[in-house]
Amino acid sequence: MTGITVCPKSSPRVVSSIGTRQVGTKTAAGRGETVSAEICMSATGTFMPPMLIFPRARENPDYLENKPPGAWAVFDKSGWMQCHIFTKWFKKFIEFSRASATNPVLLVLDGHASHVKNLEVIDLARENNVHILCLPPHCSHKIQPLDVGFMKPLSTYYTEALRAFQRAKGTVAMKNIFGIFGSAFLKAARLETAVNSFKKCGIEPCNPGVFTESDFVSNSRSGLNSKKN
């Protein structure tokens, strides 16, 4: 899961004449509002259509404008993942992965409360032969394939698409987010990106030796510091 906003963190590059003291650019409305995106990819290079969580209490069909094929959205005033929302997503995952008694599926997740404190999801997983593996905290940058290889290009493409929209049409509204995010997602969701991300994490193919001793230095040092305190 990742957060997207109408105001990206990176600053746009603006071309102007030498000596110009004030250079203007277009900004987006809705500063500070974040839309959550639930993304899932497999070690074979397939991507599940994304789900967006809009920070709105009521559903608005206008927010689904220009969404990628199969993508969908839920509306919750928090704008963040909740247990009932993850349960809806998990049911879609079972359909997408075709998990069954004869087709076991491994789902790698972080330790978010909506994942690990969700009895309905645990029951659904048992019924459909989905094996859930929750990653330990503070290590997603090393062993979470999405964080390792996908989120950075997605963020880059999203910023580019957002700036292009601003130049062409002006202010970005919340209802424009799905279309902008969708174009970035379709560019970033490449087979080789998914395959290489799982490989780099040592998940598929399984490679316990993918990490060296230096990868664990920061954790061991933090542990020593905590003992001293």
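A salt bridge is a side-chain nitrogen of Lys or Arg within 4 Å of a carboxyl oxygen of Asp or Glu. E192 forms one with R190, and their closest N and O atoms are 2.5 Å apart. Keep that pair in mind while we walk through the chain.

First, some ground rules. This is a predicted model, in which local features need pLDDT of at least 70, side-chain atom pairs count only at pLDDT 80 or more, and totals for chains, interfaces and linings use all residues. Residues are numbered from 1 along each chain as its sequence is written, and side-chain values use heavy atoms, with hydrogens and water left out.

Now the overall plan. The protein chain has 8 helices and 6 strands. Helices (H or I, at least four residues) and strands (E, at least two) are DSSP runs, numbered from the N terminus. From that end, the order of elements is β-β-β-β-α-β-α-α-β-α-α-α-α-α. Of the 229 residues in the protein chain, 39% are buried. Buried means under 20% relative accessible area, exposed means over 50%, and partly exposed lies in between (1.4 Å probe, protein chains only). How do parts of the chain meet? A contact means heavy atoms within 4.5 Å. Among contacts between residues at least 6 apart in sequence, 67% join residues at least 24 apart.

Next, look at helix α6. This helix covers residues 177–188. The expected span of a helix is 1.5 Å times one less than its number of residues. For the 12 residues of α6 that gives 16 Å, and the end C-alpha atoms are 16 Å apart, which agrees. Is α6 enclosed or open? Because 9 of its 12 residues are buried, α6 is largely enclosed by the rest of the structure. The buried residues are I177, F178, G179, I180, F181, G182, A184, F185 and A188. Their cover includes the strands β1 (2–5), β2 (34–41), β3 (47–54) and β4 (72–75), along with the helices α5 (145–169) and α7 (191–200).

The structure also has open space. A pocket is found on a 1 Å grid over the protein atoms alone: it is an open set of points with protein on both sides within 12 Å along at least five of seven lines, and its lining residues have an atom within 4 Å of a point. The largest pocket has a volume of about 640 Å³. That volume is the space filled by probe spheres set on the points, with grid points joined across faces, edges and corners. Strand β5 gives the largest share, 5 residues. By type, the lining has 20 nonpolar, 8 polar and 4 charged residues. Here Ala, Val, Leu, Ile, Met, Phe, Trp, Tyr, Cys and Pro count as nonpolar, Asp, Glu, Lys and Arg as charged, and the others, Gly among them, as polar.

Back to the salt bridges. Side chains of opposite charge can pair when their charged atoms come close. How many salt bridges does a search of the whole structure find? The search finds 3. In the pair we began with, E192 is partly exposed at 36% relative accessibility, and R190 is partly exposed at 42%. Another bridge joins E33 and R56, with the closest N and O atoms 2.7 Å apart. This pair links distant parts of the chain: E33 sits in the loop between β1 and β2, and R56 in the loop between β3 and β4, 23 residues apart. E33 is partly exposed at 27%, and R56 is partly exposed at 23%. E120 pairs with K91, with the closest N and O atoms 3.8 Å apart. Here E120 in helix α3 (residues 119–128) is linked with K91 in helix α1, 29 residues apart. E120 has 43% relative accessibility and is partly exposed. K91, at 42%, is also partly exposed.

Finally, visit two loops. A99 lies in the loop between α1 and β5. Is A99 buried or exposed? At 9% relative accessibility, A99 is buried. Leaving aside neighbours within four places in sequence, A99 is in contact with I94, V105, N128 and V130. A99 and N129 are 30 residues apart in sequence, but their C-alpha atoms are 6.2 Å apart in space. K117 lies in the loop between α2 (113–116) and α3. At 66% relative accessible area, K117 is exposed. Its C-alpha atom is separated by 7.9 Å from that of C83, 34 residues apart along the chain.

Definitions and conventions:
1 Å grid on protein atoms, 1.4 Å probe; cavity = no way out; pocket = protein on both sides within 12 Å on 5 of 7 lines; lining within 4 Å.
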